[in-house]
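Here is a short report on one protein model. Look over the sequence and the structure first, then read on.

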Amino acid sequence: MLEPVKNVASVEEVATRFKLNLPDSVSGFVGGKQLAQDSSVAPIQHLCPATEELLYGVNECSPADVDAAVAAARDAFDNTGWARMAHKERKQLLRRLIDVIDANKEELAAIQSLEVGMPLAGVNAMHIPRTIENFEFFIEAAGTLGGHTYTQTGQYTSIVTREAVGVVALLSPWNAPLVLSSMKLAAALALGNTCVIKASEYSPYSLFRFVEIMHEADLPPGLINLVNGRGHVTGKALTEHPGVDVIGFVGGTETGKAIMQSAAGGIKKVGLELGGKSANIVLSSANLPSAIDGSLLAILSGNGEQCLAGSRILVEDEVADEFIESFVARMKNVVVGDPFDADSEIGPLAFAAHRDKVLAYAKIAEAEGAEILCGGRAADSFAKGYFVEPTAALVTSNQSRVCQEEIFGPFVTIQRIRDADEAVQIANESSFGLVSYIWSDDLPSVMSVAQRVKAGTVWVNTPLTRDLRAPFGGYKMSGVGRDGLHASVDLLTEEKTMMLPNAPLKLPSLGSKR
Ligand code: NAD
């Protein structure tokens, strides 16, 4: 019997409930002002993932708009004193950003859920607090940094200092616009840079509204600019722009390659946080209930649309039957629903083409001989929207496409393994290396696996925790560089060495021999 059609809040109902003043179209923000709409360019339509209603159009920023944004950031860098401001003063100004984010957090969370489809409860519990923490952390951390000196030459003292790089281009993906952009924005500003943010064309309004409310904090205009539009138009114009000094990119691996090429023309510094296909290793020494809870969170948090998803479960034979039975039963029980319903555990995927891509992988898995244990199809109890059932596929070869390609949705593969050595070997048979998860209560096994897995972060008996002091980023095709205190400082500042003699020097007098 078919389930009744589930109720999903309309855009109007959400807008009324959260007092959202949704625009007809979203553009950019340059030098403290919203960019005017170019009436000759048709806006790109963005539909609500839960209802397929038109949310708004995106006015694509042209290369001329990008020029204006970079010029505004350059002017703010050169002429407002921001880069050389005393930390105490800069801190006071930046703390106002925290106040305006805090004052508008319900609205920001609702916008992100509405345009991306992520359950509001998760955005409120994780994304908003992290967005605020990003600013709190980098504002304080910037005040603790210092340089160093070398005195070993005897005759000279070398003083090494760091200074802001200049204009930073920050490009974000659609899945978590507030958290991901604020991480790099907070670090860039706290270290004295000015910025041009490029929002994703699939989540344009979260960042537009974020930047708009930041201007309520009365920071110098031009400090934070925003451009919207497609990657190969607006993004390319920004990353190739000669006025940009450094690029902080978060997005897919293929785009990361294009960004590196764009950066090459101007020998720009680049930080790349790219895709993942992370191994989630469950050893027989694991506390199984907690491994099951953690594995579900690792693949389903944020609708599974996360770079750090634990999307390849490798479970030791001895406990595989028990793990698979419980894990799949729980996957089948996951509440797929309206992002604005507090009971929903996952919402719709962000846009139709992405939903189609995720579902296509179920067909690919079957064609490759995998067994679909649950899901693999659209969730059919909704009249509209890009809802899919959480999917688990039992695979026998890590070489299959579903084990090698990033699916970026609520889709996990499960593979039985002989032992920890095989887990390490399979975990590393991947072009990615962002994170990995290990579930085991046996310390020597944990250490031995953790040290051999090629991933930037290894989570042991826990999913998804983060310390902003620690570096985060990927091995191999998961990225270049890291985020985190020292890693961000490396990307967003230049080191300068100043050499001074310790006493007046007697230099050879060239040209005085005759
Ligand atoms: P994407 O690479 O398609 O787009 C990211 C951004 O780059 C967007 O703003 C897009 O408009 C822009 N862009 C696209 N082509 C461009 C080009 N040629 N030049 C300049 N800019 C261009 O990624 P997405 O689909 O928005 O996001 C999903 C991807 O992001 C996944 O692969 C995911 O793993 C990755 N991601 C990584 C992290 C991390 O920290 N490592 C975090 C979140 C998401």
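Which residue in S11 does Leu 171 stand opposite? Leu 171 faces Phe 249 there. The model is a predicted one.

Strand S8 covers residues 167-171. It is mostly covered, with 5 of its 5 residues buried. Val 167, Ala 169 and Leu 171 point one way from S8. Val 168 and Leu 170 point the other way. In a regular strand, side chains alternate between the two faces of the sheet.

S8 is joined to strand S9 (residues 194-198) by 5 bridges, and the two run parallel. Leu 170 has Ile 197 as its bridge partner in S9. Between S8 and S9 the chain passes through helix H6 (residues 177-190), and this β-α-β crossover is right-handed. Strand S11 (residues 246-250) also runs parallel to S8, with 4 bridges joining them.

## Helix H5

Helix H5 spans residues 120-142, 23 residues in total. From first C-alpha to last it reaches 32 Å, close to the 33 Å expected at 1.5 Å a residue. H5 bends by about 25 degrees at His 127. A proline, Pro 129, follows within four residues.

## Around the ligand

A polar side-chain atom of Lys 198 lies 2.8 Å from one. For Gly 252, a backbone N or O atom lies 2.8 Å from an oxygen atom of the ligand. For Gly 251, a backbone N or O atom lies 3.4 Å from a ligand oxygen atom.

Methods: Residues are numbered from 1 along each chain as its sequence is written. This is a predicted model: local features need pLDDT of at least 70, side-chain atom pairs count only at pLDDT 80 or more; totals for chains, interfaces and linings use all residues. Side-chain values use heavy atoms; hydrogens and water are left out. The expected span of a helix is 1.5 Å times one less than its number of residues. The bend at a residue is the angle between axes fitted to the seven residues ending there and the seven starting there. Buried means under 20% relative accessible area, exposed over 50%, partly exposed in between (1.4 Å probe, protein chains only). Two strands pair if DSSP finds at least two bridges between them. A crossover is right-handed if, with the strands pointing away from the viewer, the path from the first strand over the helix to the second runs clockwise. A polar contact is a pair of N or O atoms within 3.5 Å; within protein, one must be able to donate a hydrogen and the other to accept it, and residues adjacent in sequence count only if both atoms are side-chain atoms.
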